[in-house]
Amino acid sequence: MPFRRGRVPEEEEAVSPFNVEIWNETPNDQTFVMLADPGTASVVPTGPAALPLAWLVGVIPGKVGSVVSTGYFYWSEDFAYALGEISALGGGGFLETVAAPLDAGGDDSVAAGFTGSAGHGAPKLVSITKAGTAGFTMKSDASVPTAAAQAAALVYYAGCWAIGEVDASGRYAATQARQYLPNLVETLAPAAAYSVIAGPAQTFAGDVLSPAVVQGAYDVDFAGVSVIRLTYTASNTFQPR
């Protein structure tokens, strides 16, 4: 997981293009959650809105006396398209089954399908090609179970644009989950935007977040710098350092 306790080392500032350092001045251990919006996406035909996911997660201990604990998130802006399943819609998390790494600034087109049947199968990749147009594209075929078939089987398959390097388990950091349906054409003009929240305890990367949790997110704008330093104050607000 791209989170570490402590402050951003100077040597890492030079090699990691995105870093968010947080000082926790509250007396309580706090779970912090980074959110990522991958860019401008269009979907044909129109389906359910994308579900916000806990993108990166880290816990920073509370302040003890005059000692303030810190931690930082770090990442690179590598893109991938991940397919999987939401474990329990509205209260679960995204479970990746397969993903396609994408060339940054490229024109990759991902063709995807499904093997098996709703409740007894999984999404699959068919091909990754160059589309010849700017941005990324995902096209699903008719083998993907319909929304009705998924509901009847009590499953919810999803696709996600992911940002960041693959982790030690071979999985990518998913940003938002959209229901995976047949004959979808989803295009993305990559233009990532980031924000951070003080999340509920026991939040894990990939968890589906409720609108109430994400509505107070603090926007993080790098604006030509590689490190953003924030204080999470005793009044439970973010302030720039």
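Rings of Phe, Tyr and Trp (its six-membered ring) pair if their centres lie within 6.5 Å; planes under 30 degrees apart count as stacked, over 60 as edge-to-face and the rest as tilted. F18, W55, W75, Y194 and F222 form one aromatic cluster.

This is a predicted model: local features need pLDDT of at least 70, side-chain atom pairs count only at pLDDT 80 or more, and totals for chains, interfaces and linings use all residues. Residues are numbered from 1 along each chain as its sequence is written, and side-chain values use heavy atoms, with hydrogens and water left out.

The whole structure holds 18 aromatic pairs. Two of them are tabulated here.

| Pair | Centre to centre | Angle between planes | Class |
|---|---|---|---|
| F18 and F222 | 5.1 Å | 80 degrees | edge-to-face |
| F136 and W161 | 6.2 Å | 25 degrees | stacked |

F18 lies in strand β2 (residues 18-24), and F222 in the loop between β15 (218-220) and β16 (227-232), so their pair ties together parts 204 residues apart in sequence. Strands (E, at least two residues) are DSSP runs, numbered from the N terminus. Both F18 and F222 are buried. Buried means under 20% relative accessible area, exposed over 50%, partly exposed in between (1.4 Å probe, protein chains only).

F136 is in strand β11 (residues 136-140) and W161 in strand β12 (residues 157-163), 25 residues apart. F136 is buried at 1% relative accessible area. W161 is buried too, at 4%.

W23 has a charged neighbour. The charged end of R241 sits over the W23 ring, 3.6 Å from its centre. The criterion is CZ of Arg, or NZ of Lys, within 6 Å of the ring centre and within 35 degrees of the ring normal.

Note on methods. Helix = DSSP H or I, 4+ residues; strand = E, 2+ residues; numbered from the N terminus.
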